[in-house]
Amino acid sequence: HMEICKRYGIKSTRQLRNWIFKYNGHETLKTSGSGGTPIMAKGRATTYDQRIEIVKYCIEHQQNYAETAQKFQVSYQQIYSWTNKYLTDGVDALQDKRGKRKSEDEMSEVEKLRAQNKLLQAENKRKQMEIDILKKLDELERMRF
């Protein structure tokens, strides 16, 4: 395993073993869609509004983290983290609470509502797209018979 890792530039023998285990178990290996090149090794500093915009874009595009990372020049991991935080805890979870920032109490209600509105619109758009796809699929299945 060590020799194969050295030859192909795989950083960990554990990762190679996992791939072999999945391959032998006839599981499909998932890729980031970047062809093996790192999407973005380092992130960049973002504001609260930028994070909202990035998560909105990601949700509207079926949570395509790789595409979103390329478009906004932010790390894949950071987008994944922000999207999951939003989906579990809402728009307030996108706040950067490190250091001395405005607390929720200091933010105006209008700012909170605008951000939440943007994300809800993106989520509604994604759900509408799912409904449209299911309707089209149903229509195609009916045409087949």
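In this presentation a residue counts as buried under 20% relative accessible area, as exposed over 50%, and as partly exposed in between, with a 1.4 Å probe and protein chains only. By that criterion, 26% of the 145 residues of the protein chain are buried.

The structure is a predicted model, in which local features need pLDDT of at least 70 and side-chain atom pairs count only at pLDDT 80 or more, while totals for chains, interfaces and linings use all residues. Residues are numbered from 1 along each chain as its sequence is written, and side-chain values use heavy atoms, with hydrogens and water left out.

Let me begin with the overall architecture. The protein chain contains six helices and zero strands; helices are DSSP runs of H or I with at least four residues, strands are runs of E with at least two, and both are numbered from the N terminus. The order of elements from the N terminus is α-α-α-α-α-α. Contact here means heavy atoms within 4.5 Å. Among contacts between residues at least 6 apart in sequence, 54% join residues at least 24 apart.

I turn now to the core. A nonpolar core is a set of buried Ala, Val, Leu, Ile, Met, Phe, Trp, Tyr and Cys residues joined through side-chain atoms within 4.5 Å. The largest such core has 20 residues, and Tyr48, Ile52, Val55, Ile79, Leu94 and Leu119 have the most contacts inside it. Helices α3, α4 (65-72), α5 and α6 (109-144) each supply at least two of its residues. Which helix gives the largest share of this core? It is α3, with seven residues. In soluble globular proteins, nonpolar side chains tend to be buried together.

Next, the partners of α3. How do α3 and α6 pack, and at what angle? Their axes are 8 Å apart, at an angle of about 10°; axes are lines fitted to C-alpha atoms, for helices over the stretch in contact, and angles run from 0 to 180 degrees between N-to-C directions. The two helices are therefore roughly parallel, since angles under 35 degrees count as roughly parallel, over 145 as roughly antiparallel, 65 to 115 as roughly perpendicular and the rest as oblique. By class, this contact has eight nonpolar, no polar and seven charged residues.

Beyond its neighbours within four places in sequence, Lys56 is in contact with Lys118, Leu119 and Ala122. Leu119, apart from its own neighbours within four places, contacts Ile52, Val55, Lys56, Tyr86, Val91 and Leu94.

With helix α5 (residues 76-89), the arrangement is as follows. The axes of α3 (residues 48-60) and α5 come within 10 Å and cross at roughly 85°, so these helices are roughly perpendicular to each other. Arg51, Ile54, Val55, Cys58 and Ile59 in α3 meet Ile79, Trp82, Thr83, Tyr86 and Leu87 in α5.

Finally, Thr46 is found in the loop between α2 (13-24) and α3. Is Thr46 buried or exposed? Thr46 counts as buried, at 14% relative accessibility. Not counting residues up to four places away in sequence, Thr46 touches Arg51, Ile54, Val74 and Trp82.

Key:
Nonpolar A, V, L, I, M, F, W, Y, C, P; charged D, E, K, R; others polar.
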